[in-house]
Amino acid sequence: MSSLQGEIERRGTGIFELVDRHPESLFSKAGFYQRMMALSMRDEHFKVQMFRFVDVLPSLRRSSDIVEHLEEYFAGTRDGFAPFIDTGVRLARVVPWVSGRVLRWNVSGMARQFIAGKNPNDVMKTLRKRRAQKIGFTVDLLGEAIVSEKEADEYAARCLDLLDCLVRETRGWTDPLGKNSELFPVVNLSVKISALYSQMNPADPADAIAHLAPKLRPILRRARELGAFINFDMESYVHKNITLELFKTIFTEKEFKDWPHAGIVIQAYLRDAEADLRDLISWGRRRGTRFTVRLVKGAYWDYETIKSRQNGWDCPVYFQKPESDVNFEELTRLLLKNESIVIAAFGSHNVRSIAHAQALADELGIDRSRFEFQLLYGMAGPIKRALVEMGYRVREYCPVGELLPGMSYLVRRLLENTSNEGFLRAKFSENVSAEELLRDPHELVRRNGAKPGPGSATPATTGDRHHQNGASLEAPPGDIYENSPLVNFAYKESQEKMRNALREVRNRFGEKYPLVIGGEKVWTDKMTPSVNPSTPKEVVGYAAEAGIPEAERAVKAARAAFDKWSRTPFEERGQLLERAAAIMERRRYELSALEVFEVGKPWAEADGDIREAMDFCRFYAAQMRLIGQPRLTQHVPGEESYQHYWPRGVALVIAPWNFPIAILCGMVSAALVTGNTVIMKPSEQSVICGAKLMEIFEEAGAPPGVLNFLSGRGSVIGAHLVDHKDVDLIAFTGSREVGLRIWESAGITRPGQRELKHVICEMGGKNPMIIDSDADLDEAIVDSIYSAFGYQGQKCSALSRLIVLEENYDRVTERLLSATASLRVGNPEEPGMVVGPVIDEAAYKRIQEYIDIGKSEATLAYQAKEVPPEGYFIPPTIFTDVKPDMRIAHEEIFGPVLSVLKVRDLDEAIDVANGTDYALTAGFFSRSPANIDRAKAEIEAGNVYINRSCTGAVVGRHPFGGFKMSGGGTKAGGADYLLQFLLPRVVTENVTRHGFAPEETPQYRDEFLWPKRQ
C-alpha cells in the first residue's frame, strides 16, 4: 500500500467516524419521500414511473388530472408494491380534490429536499441556518430551458436581482474560517450560460460569445462592485467548448483581467476533462490572475450516453463510475499542483474523493484554508458537518426557483440518489463498509477490465475504432444495421473542415456538368444554370439540359444494360452501393457545402442529408443480402419450391430538390441494388447535386448504361419518360400535383408496352402537431419551432398545423411567438443559421401568396421583420385564430408558415389532425400514458412522433412514407422498401425419381443465374 493510500484511508475513516456520530438516512426527510426513494431503489420500473409522475405533476392544475395521471402511471404495477399503489389509487378516486392536494404537497416536499428556496428572500432562511453551521453557499437560479431571448433577458435580470439581495442580506457576514478569506467571497453566484442565450449552436461559438458576453458583463461588473464571486456552471457536453471559450475570452478583457473572483466547472466524467483543465491552467498563467475551478464528477451522464448513441458518436463520458473517480483524483492532483494560479473547489459527496484531496494537499504542503469542498443542498448533511468539524471550508450548492422550472434539476438529483453506483446510496442506504468505500478506484477499474487513462478518447468497450468526427462505428449488440454517424460540429476540427469545404466549393462556382448516357458524357446546346438562393446572382454551376432525343437515348442505354445487370449477383450490386457510400464519406464536407450553396441548407441539415444518402446505400445493400437468395416456401417431401425476386426493368427516378442527394440516392440505390437499370433525373433546382451523385456512382464502378444522368425540364423530359413504353418503374418524390399526374399517366398502357408500370409515389403533407394539456412545454416549443422552421419549412415532413388544447393555448402561444422571434435568419453559409432562403423565386412568390391568404383568413400573430435584403428569404410567420376549413390549414404551403389551431379537448384535436387529405407525419406532445396510447392508435399518419420533432427520419430507424394523398404507403429506408422494385417469382421442381427423394431440402439456395459464373 502506498503512503498516500494509507493516508487516504486514515482520513476517510476519520470522516466516517464523525459521520457516524450523527447518523442520518440517505433520505433525510421521512415519510412519503423516504418511502418513494426506498421503493425506487428496489424496482427499476417503479423508479421510471415515479420520476415521470414527479416530472409531470407541476403542470397538472386540477386535482382530477393528478389522480388520473397517478392511476395511468401506477395502476398497472405488478410487483411487491402493487397493494400499496392500488390502495393509493382507489383512495385517490374517492376524494380526488383531497388526494390531488396531498400528492402535490408531498412532491413539493421532495422538491424542497433539493431546492433551497422559491425566491431570493425564501432562500435566505436556508442560508442563515447554514451560516450558523459554518457552511457557506453558492446560489444557482433554476431556469435551464430557455427557448427565447425574452426568457434569456429575464434570467439575466433575475441574476442581477439575486446578487443585490444576497449582498444586502449578508452584509456583515464573514468567512467561517477567516484565514485566506480574501480568496473566498461570502456571496457566490453560479450562472448557467445556456440560460443567457436561446440560440447557442455548437457549430458557431463566435456567435454565441458575441451574444453572451454583453449579457454577462453587467452581471460581472455588479458582482465586482459588490465583492461577490461568479461561477460559470457547466452543463451538457454540446455547450462545453463554448462555455470554456467564453470564460477565457471575457476574463482576458482589460476590465476583468485582474479580477480573481471568477470560476468555472470541470466535469471529471468527461474523457477530455484533463486536456481542458491543462488548457485553462496555461491560460490562467498567461492571464496572471488567480481563478477558481469547481471540480465535479458530472450530472448529465444519462443524457450524454443516450444522445451519443442516437447520433453514432463516441460517448464523451466514461462508462464506468470508477473511471470517473480515477479521473477526479488525477484532476485533483493537477489542480493542487497549480495552486499558485488556480483555487480548487472540490464538488463531491464521495468520501474517498474528499479524503484523497485532503491527503494530497497535505503531501504538497497546501494549507486547508486555500481550497474548499462544495456539496449539494439537501444531500450528505453528515459529511458536511464532519468536514466543518475537521476545519475545512464547506460551501453548499443551493438551487433557487419555483417547482416547475426546477423539475429537471430535481429529477437529476433523484437519479443520483438512486443510482446503483452512487456513493451516498452505498453509504447511507446499503451500509457498505468503509474499507470498500475507500478502495483505490484504480483497482476497481483494473478489476472491471477497463483501460481508462485520463483524457482517453476511446470508450473501453469500442476498442480502437474511432471515427474522424468523434463518432463510433461500433453497432450495439443485436443491431442488424448501424447508421452512419452525424458530424459533431461541437468540435473545432469539424467546424474548420466545413469552412474549408465551403471555400473550395465556392472556388468551383460556374463549372459545367454533362449528361451521362450509356457511360458517355453528353453535352447539349443548352445549359441550365443553378443559382445560390441566398445570393441569386451567384451561379453554383451549369448542367447540360436534356431534350427528347437525349431521353430516348437514355432509355435505350438503360434497356441495353438491363440484361447483364439484372443477372449480376446481388452481392456485387450491394458492394457497388457500399463503395458509393465510402466515397460520400470521403467527400462528405464537400457535398454538404454544395448543398449549402445550391439549395440553402444550414450546416447540420446538409450534413444530415449526406448521412442519409450513405445510410440508404449501406442499408439497402444489407437488405438485399437478406432477400437476395431464393428461399424455400415450404418443406414438402419430393418437391422443392423456391421464391425469389427479379428486377422490374428500366427505372425512372424523379427526385425533389429539398433533399437533393439523400432522396435521389435513396431511390437510385434501391433500384440499382435490386438489379434495375436507372435513368436519374434530379430537380432542376439541384442539378449540380445530381451531377455529383453521378460522379460518385461512376467512381464506385457503375457499369455503362446501368445508371444514366439526365438533367432537364420535368415538363419536357420527365413527362416524356413517364409515358415511355420501355420505362417499367417510376420512383417519384415531390409535389402532390405532379405525383398524381404521374400516377394517372402510368395507368395508361402504351402501344408496345411489356409491363404494367409500377409507381412508387411519395408526395407532400399538411403535418399536425398536438400539444396536450400536460405537455412539457420546454420540449414542445423547441421541437415545434424546429419542425416548422428548420430548413425554412421546406420538408414534406415539416410541421404546418400546431393544434393546442385550449387549457394550454395562451401559455403555448406566448412562448411560441417569443421563441420564433429569437430564431436566426440569414445566409446558411454562416454556421448556426436556422432559417435560410426558400429555393427560388417561384417558391418565394407562392409562399407570399399564401401569407396574404392567411392575413385575410386568420390573425397574423408573428412575422420576422429583419431578413437579408438579397436572396429568397421568407420570414418565419405564424398565424393564430386558424380554423380547420381555412386554406392555410389544409393546403400544403412548403415554407416557413405555421398555423396555430385552438381545440377544446383531445377528441377535437385528433379530429382536426386527421381532417386533411394528407397522412405523412404527425406529432404529439403529452405526459399522459393513456393519451399517448390513444394518439398511437388513432392519429392518421405514416410516421407518428411522440414527444419529439416530426422531422428527421433516420434510415432503418424510422422507415418513412405516408398514405392518403401523401403517398402509396411505401416506406423509404424500411425493410420492405426494396420489394417495390422487384417482381416475385416462384420456381418449383419435382425432385422425386421413382419414389426416391432427398431427405433434406436447404432453406436457401444460390441465385438462379445463367450462364453460371465460375
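Here are a few friendly questions and answers about this predicted model.

Residues are numbered from 1 along each chain as its sequence is written, and side-chain values use heavy atoms, with hydrogens and water left out. Local features need pLDDT of at least 70, and side-chain atom pairs count only at pLDDT 80 or more, while totals for chains, interfaces and linings use all residues.

Me: How far does helix H3 reach from its first C-alpha to its last?
Reply: Helices (H or I, at least four residues) and strands (E, at least two) are DSSP runs, numbered from the N terminus. The expected span of a helix is 1.5 Å times one less than its number of residues. H3 covers residues 44–56, which makes 13 residues, and 18 Å is expected. Its reach is close to that, at 19 Å.

Me: Is Gln 792 buried or exposed?
Reply: Look in the loop between helix H29 (777–789) and strand S22 (799–805) to find Gln 792. Buried means under 20% relative accessible area, exposed over 50%, and partly exposed in between (1.4 Å probe, protein chains only). With a relative accessible area of 0%, Gln 792 is buried.

Me: What is phi of Asp 881 near?
Reply: Asp 881 sits in the loop between strand S24 (877–880) and helix H32 (887–890), and is partly exposed at 45% relative accessibility. Most residues other than glycine have a negative phi. Asp 881 is not glycine, yet its phi is positive, near 55°.

Me: Which peptide bond is cis?
Reply: Go to the segment after strand S30 (982–990), where Pro 1011 lies. Most peptide bonds are trans. With omega near -5°, the cis bond runs from Trp 1010 to Pro 1011.
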